[in-house]
Amino acid sequence: MAANQAMPAWERKARVFLCFFGLVLSVYALHVELSRERDPDYRAMCDLGEAVSCSKVFTSRWGRGFGLVQYFVGTDSLLNQPNSILGIIFYTLQLGLGLSLSKKAALALVLSSWVSLAGSLYLASILAFVLGDFCMVCVSTYVINFALFYTNLKRRRAVEAIKKKAG
């Protein structure tokens, strides 16, 4: 319990807020994609214009498996899931691992954040340079991923400091 008290209070609050917000955005993105697949005339709240359309982005080939998985397993493969499913898994993992104060959990948080940053940068470049679109939901998740990365770096340093004092 002493280790738990040594962790900054802001870190837990920030993690819960960021992961909750990331989960909400990911679930909403999945809802938009599934709704658009069922009804091509569906208009999402985040569709504000021709160049500001999240449903256009979510239903593009880059909205599933980062646009890459289909080349390895096919478009209709069970492995070619919407990116929003990956987001739901990522934010759930971040929340769950955030409960542990172990060095391994702190390392897993940082490593998974690096992966999310790479994915965010890749998808942001697709958004800007290939699709020529602005997706508020997408950009919000990129910001959350950067904030989680910062939080995870702080967590890792704090856990290492705690372990040094205890050891």
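## Overall fold

In the protein chain, 67% of the contacts with a separation of 6 or more link residues 24 or more positions apart, where contact means heavy atoms within 4.5 Å. This is a predicted model, in which local features need pLDDT of at least 70, side-chain atom pairs count only at pLDDT 80 or more, and totals for chains, interfaces and linings use all residues. Residues are numbered from 1 along each chain as its sequence is written, and side-chain values use heavy atoms, leaving out hydrogens and water.

The protein chain has 7 helices and 2 strands, in the order α-α-β-β-α-α-α-α-α from the N terminus. Helices (H or I, at least four residues) and strands (E, at least two) are DSSP runs, numbered from the N terminus.

## Size and surface

Along the principal axes, the C-alpha atoms fill a box of roughly 60 × 35 × 25 Å. Of the 167 residues, 41% are buried, meaning under 20% relative accessible area with a 1.4 Å probe, protein chains only. The chain exposes about 9,600 Å², and carbon and sulfur atoms supply 69% of that area (Shrake-Rupley method, 1.4 Å probe).

## Helices α5 and α6

The axes of α5 (residues 83–97) and α6 (residues 103–131) come within 10 Å and cross at roughly 155°; axes are lines fitted to C-alpha atoms over the stretch in contact, with angles from 0 to 180 degrees between N-to-C directions. That makes α5 roughly antiparallel to α6 (angles over 145 degrees).

From α5, N83, F90, L93, Q94 and L97 meet A105, A108, L109, S112, S113, S116 and L123 in α6. The residues of this contact divide into 7 nonpolar, 5 polar and no charged. Here Ala, Val, Leu, Ile, Met, Phe, Trp, Tyr, Cys and Pro count as nonpolar, Asp, Glu, Lys and Arg as charged, and the others, Gly among them, as polar.

How values were computed: Angles under 35 degrees count as roughly parallel, over 145 as roughly antiparallel, 65 to 115 as roughly perpendicular and the rest as oblique. Buried means under 20% relative accessible area, exposed over 50%, partly exposed in between (1.4 Å probe, protein chains only).
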